[in-house]
Amino acid sequence: MVSGMDYTRLGDSGLKVSRVCLGMMSYGDPDRQKWALPQDAAEPLVRRAADAGVTFFDTANVYSRGESEVVTGNVLRGVFPRREDYVLATKVYFPMGKGVNDRGLSRKHILDSVDASLKRLGTDYVDLYQIHRWDDETPIEETMEALHDVVRAGKARYLGASSMWAWQFAKAQHVAETHGWTKFVSMQNHYNLLYREEEREMLPLCADQGVGVIPWSPLARGVLARAGSAATTVRTGSDERIDYLYDPENDKLVVDRVAQVARQRDLPAAQIALAWLLHRPGVTAPIVGATKERHVDDAVAAVSVSLSAEESAFLEEPYRAREVRF
């Protein structure tokens with residue numbers, strides 16, 4: 001592998017992944033997602049990440065309504081000589097059609113969805129199959145047994161979960177353990193310098209149970225990467241989730257401190273924010289989106305950036321508790 005990239009186990013599992021995961025939500029159909037890049041624009045960025053040692057790639061069936069999986073599969077087959085050389089993750093839960101069973105975590109939707117995802121990805125299996133959210137309308141026993149069957153059928157190597165309450169995650173793990181079914185090895189949750197509510201319960205739970213943490217939105221949808229800059233992007237004006245997840249007025253103190261440390265270290269703000277997250281206890285690999293070469297370069301470089309205890313405390317100090325956002 002390329003020097004400079006580190007690798008680690010995903011939680012207590014035997015699966016080894018790069019410390020940076022490339023988020024493939026950035027690639028797909030621009031008509032569905034204005035800031036998404038089509039395949040010809042995505043390929044050079046994925047190749048750049050792979051050349052830097054990134055081996056972990058995360059997508060979901062709902063991204064660009066399946067087109068992200070198509071692009072992901074096509075690009076990865078062209079970049080890597082062997083399927084065994086990379087770790088591929090996708091997700092299930094959100095609506096994929098207008099039918100009443102085209103959503104959620106029922107046995108029907110899970111089994112239908114994994115086959116559809118594999119077809120779009122052009123592969124026989126995914127390394128990590130994740131539930132994208134919790135389903136209040138399906139008994140967790142039904143969901144965990146269906147996911148176990150997906151693993152037993154060889155369609156997924158490992159299982160992961162995403163944002164939910166800690167008690168829900170603990171219940172799912174208990175149900176799986178009680179029945180001898182496959183447990184989750186990872187939690188993909190919302191975690192960054194602007195959103196640290198996961199430090200209360202979910203992160204301690206994952207640490208206690210040996211579950212790897214692979215945070216989504218590690219740069220707060222680009223807000224932290226633009227610290228100290230007045231620049232705007234296509235995503236800034238078209239991603240409605242930014243306004244839902246973050247509050248410019250409340251976040252300003254933290255953003256300003258990221259910019260200050262970045263100036264003092266003569267490093268991009270993105271590297272500072274990612275370095276902080278990479279060194280948080282239990283964090284395995286932040287899922288970083290990249291639509292420009294520098295996004296890839298900053299993510300890879302952040303693995304080698306160490307912040308002092310004083311710098312970390314300086315970045316953390318202005319944070320104030322906020323409403324939970326999944």
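## Arg157 in strand 7

In this predicted model, Arg157 belongs to strand 7, which covers residues 156-162. The relative accessibility of Arg157 is 40%, so this residue counts as partly exposed; the range for that class lies between the limit for buried, under 20%, and the limit for exposed, over 50%.

Leaving out residues up to four places away in sequence, Arg157 touches Tyr125, Val126, Asp127 and Val151. A further distance can be given for Tyr129: Arg157 and Tyr129 are 28 residues apart in sequence, and their C-alpha atoms are 7.8 Å apart in space.

## Leu88 in strand 5

Leu88 lies in strand 5, which is formed by residues 87-92. With a relative accessible area of 1%, Leu88 is buried. Apart from its neighbours within four places in sequence, Leu88 is in contact with Phe57, Thr72, Leu76, Arg83, Leu121, Thr123, Val126, Asp127 and Leu128.

Gly282 is 194 residues from Leu88 along the chain, and the C-alpha atoms of the two residues are separated by 21 Å.

## Packing of helix 1 and helix 2

Two packed helices are described by the angle between their axes and the distance between the axes. For helix 1 (residues 39-51) and helix 2 (residues 67-79), the angle is about 50° and the axes are 9 Å apart. Helix 1 is therefore oblique to helix 2. The crossing of helix 1 past helix 2 is right-handed.

On the side of helix 1, the contact is made by Gln39, Ala42, Glu43, Val46, Arg47 and Ala50, while helix 2 contributes Val71, Asn74, Val75, Leu76, Gly78 and Val79. Seven of the residues in this contact are nonpolar, three are polar and two are charged.

## Packing of helix 3 and helix 4

The axes of helix 3 (residues 107-121) and helix 4 (residues 140-152) come within 9 Å and cross at roughly 25°. Angles under 35 degrees count as roughly parallel, and helix 3 and helix 4 are therefore roughly parallel to each other. Helix 3 also passes helix 4 in a right-handed crossing.

Helix 3 supplies Arg107, Ile110, Leu111 and Val114 to the contact, and these meet Glu142, Thr143, Glu145, Ala146, Leu147, Asp149 and Val150 in helix 4. By class, the residues of this contact comprise six nonpolar, one polar and four charged.

## Cysteines

A disulfide is a covalent bond between the sulfur atoms of two cysteines. The structure holds zero disulfides. For Cys21, which is in no disulfide, the nearest cysteine sulfur is that of Cys206, 16 Å away. For Cys206, likewise in no disulfide, the nearest cysteine sulfur is that of Cys21. Cys21 has 0% relative accessibility and counts as buried; Cys206 is buried with a relative accessible area of 1%.

## Positive phi values in two loops

Arg65 is a residue other than glycine with a positive phi, near 50°. Its place is the loop between strand 4 (56-58) and helix 2, and its relative accessible area of 42% makes Arg65 partly exposed.

Ala220 also has a positive phi, near 55°, in a residue other than glycine. Ala220 is found in the loop between strand 9 (212-213) and helix 7 (234-238). At 0% relative accessibility, Ala220 is buried, whereas Arg65 is partly exposed.

Key
Residues are numbered from 1 along each chain as its sequence is written. This is a predicted model: local features need pLDDT of at least 70, side-chain atom pairs count only at pLDDT 80 or more; totals for chains, interfaces and linings use all residues. Side-chain values use heavy atoms; hydrogens and water are left out. Axes are lines fitted to C-alpha atoms, for helices over the stretch in contact, and angles run from 0 to 180 degrees between N-to-C directions. Helices (H or I, at least four residues) and strands (E, at least two) are DSSP runs, numbered from the N terminus. Angles under 35 degrees count as roughly parallel, over 145 as roughly antiparallel, 65 to 115 as roughly perpendicular and the rest as oblique. A crossing is left-handed if the near helix is turned anticlockwise from the far one by less than a right angle, and right-handed if clockwise. Contact means heavy atoms within 4.5 Å. Ala, Val, Leu, Ile, Met, Phe, Trp, Tyr, Cys and Pro count as nonpolar, Asp, Glu, Lys and Arg as charged, and the others, Gly among them, as polar. Buried means under 20% relative accessible area, exposed over 50%, partly exposed in between (1.4 Å probe, protein chains only). A disulfide is a pair of cysteine sulfur atoms within 2.5 Å.
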